[in-house]
Amino acid sequence: MKKWILPTANDFLSDTSKQRSTAASMNYARPNMPFPHSTDLISLNYQGEGIRDAPAYANLKGIRTTPLYPAFHAKFPEKMIISSETASTLSTRGAYIFPVYDGIRAPVNDTSGGDPNHRFVSAYELYTAQFGASPDKVFMSQDKHPFVAGEFVWSGWDYLGEPTPYYTARSSYSGIIDLAGFKKDRFYLYQSRWRPDLKFAHILPHWTWPGREGQITPVHVFSSANEAELFLNGKSQGRKKKGEHEYRFRWDSVKYQAGELKVKTYKNGKPWAVETIKTVGVAAKLELTADRQTIKADGSDLSFITVRVLDKEGHIVPDADNDITFSISGLGEIVATDNGDPSDLTAFPSKNRKALNGMALVIVKARIGQPGSLVIKARSKGLYGRELKISSSITQSKKRSK
């Protein structure tokens, strides 16, 4: 019988400088299968931190693995290991659903982390796709296995399609940033991991809960600090240190009362950062802020304008869902509006958009070759409207020198 010898990359390359390392993301392949032998890098999707391996996932069907980082490392000690997809944590920006799971991760469903009526997923950043894991779980697995090079989180931004867990929605819930470009709470959890030098503290949830007086309302804090003390209306709720493999501060038995939440954080015993949030009033006015005041009059350059619903004191109203109507005058046009809500099926070109938890977005452009002013107006029934003026210009191209 003839023995076949498969060619290698070297057989096709006369110039060794053209050789490149290979990788292929693995959803299912195990260390004892042939597939991992064929790549130069071990690239894992979700398997590194484990899939459906916690009690909360026990009733689910599908792949079930313990964390496979050590098994792949033992089999291929000479190969670099990276996680090409991790987490798939799900959330709707600014939506908090009670009660809150007391562990570090759970699959979202209609009775745990999910609101089927509004198609919201809780922003406590603990709830995941059925195959997924919370950032806390991923961080822990990587810290336990320091030979892992790093991770690519699924996903950086929400995106159209794959609307798990509510399939009548328009877009995913897995982004660190929502579809309108607004940061979710999870942004600050990753920031605390990837920017340990950055002095900040981020409290969640918001603290405007009429009707929840006296009810358990857990408070979590994301910070690069390692110690924190929480105060509710000046009274300490306890001082906590992050334990080994802990990545957030949790006060899970706080009872809601209106007023002020303040956290003081410390790193290595020294003051680090302070954050304060307050109970706010009813919606009273709109605020418009552009990412740039001047754009090119080329029909392509865009200005992204954030709209916030504020109370009379100028604080964002965290549960505001007011209907907002946009208009523009001058030499430009509205390209799109959005609010980051995966369940909002309003067409992007619509000039009417509901706020999602106090925020919305309008995107504008200038007319081609017509520099000048653009005035964007936002109106909402019962609120003081606002307008914003930006300008467009023609940038002359530089002549090439001979």
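This is a predicted model: local features need pLDDT of at least 70, side-chain atom pairs count only at pLDDT 80 or more; totals for chains, interfaces and linings use all residues.

Biologist: Which residue of β22 is the bridge partner of G330?

Modeller: Strand β18, residues 323–330, and strand β22, residues 372–379, pair in the antiparallel sense over six bridges. G330 belongs to this pairing, and its bridge partner in β22 is L374.

Biologist: How many bridges join β22 to β23, and which residue in the turn of their hairpin has a positive phi?

Modeller: Strand β23 covers residues 386–393 and runs antiparallel to β22, with G372 having S392 as its bridge partner in β23. The two strands form a hairpin with six residues between them, and the turn contains a residue whose phi is positive, at about 85°. The number of bridges is seven, and the residue in the turn is G382.

Biologist: Which strands stand at the edges of the open four-stranded sheet, and why is one side of each left without a neighbour?

Modeller: The open sheet has four strands in the order β15-β17-β21-β19, with antiparallel pairing. Each of the edge strands has a single partner strand, so one side of each is left without a neighbour in the sheet. The strands at the edges are β15 (285–290) and β19 (332–338).

Biologist: By what angle are neighbouring strands of this open sheet turned against each other on average, and what is the bridge partner of T337 in β21?

Modeller: In the open sheet of order β15-β17-β21-β19, the average angle between neighbouring strands, direction ignored, is 25°. Strand β21, residues 359–366, is joined to β19 by six bridges, and the two run antiparallel. In β21, the bridge partner of T337 is V362.

Biologist: Why is helix α2 largely enclosed, and which elements are included in what covers its buried residues?

Modeller: Helix α2 spans residues 135–144, and eight of its ten residues are buried, so the helix is largely enclosed by the rest of the structure. The buried residues are P135, D136, K137, V138, F139, M140, S141 and Q142. What covers them includes α1 (69–75), β2 (81–87), β7 (148–154) and α3 (185–194).

Biologist: Where is the cis peptide bond from W154 to S155, and what is omega for the cis bond that joins T164 and P165?

Modeller: For the bond from W154 to S155, omega is near 0°, and S155 is placed in the loop between β7 and α3. P165 also has its place in the loop between β7 and α3. For the cis bond joining T164 and P165, omega is about 5°.

Biologist: How many strands does the protein have, and what share of its residues is buried?

Modeller: The secondary structure comes to three helices and 23 strands, and the C-alpha trace spans about 85 × 70 × 45 Å along its principal axes. Of the 402 residues in the protein, the buried share is 49%.

Terms used:
Residues are numbered from 1 along each chain as its sequence is written. Side-chain values use heavy atoms; hydrogens and water are left out. Two strands pair if DSSP finds at least two bridges between them. Axes are lines fitted to C-alpha atoms, for helices over the stretch in contact, and angles run from 0 to 180 degrees between N-to-C directions. Buried means under 20% relative accessible area, exposed over 50%, partly exposed in between (1.4 Å probe, protein chains only). Contact means heavy atoms within 4.5 Å.
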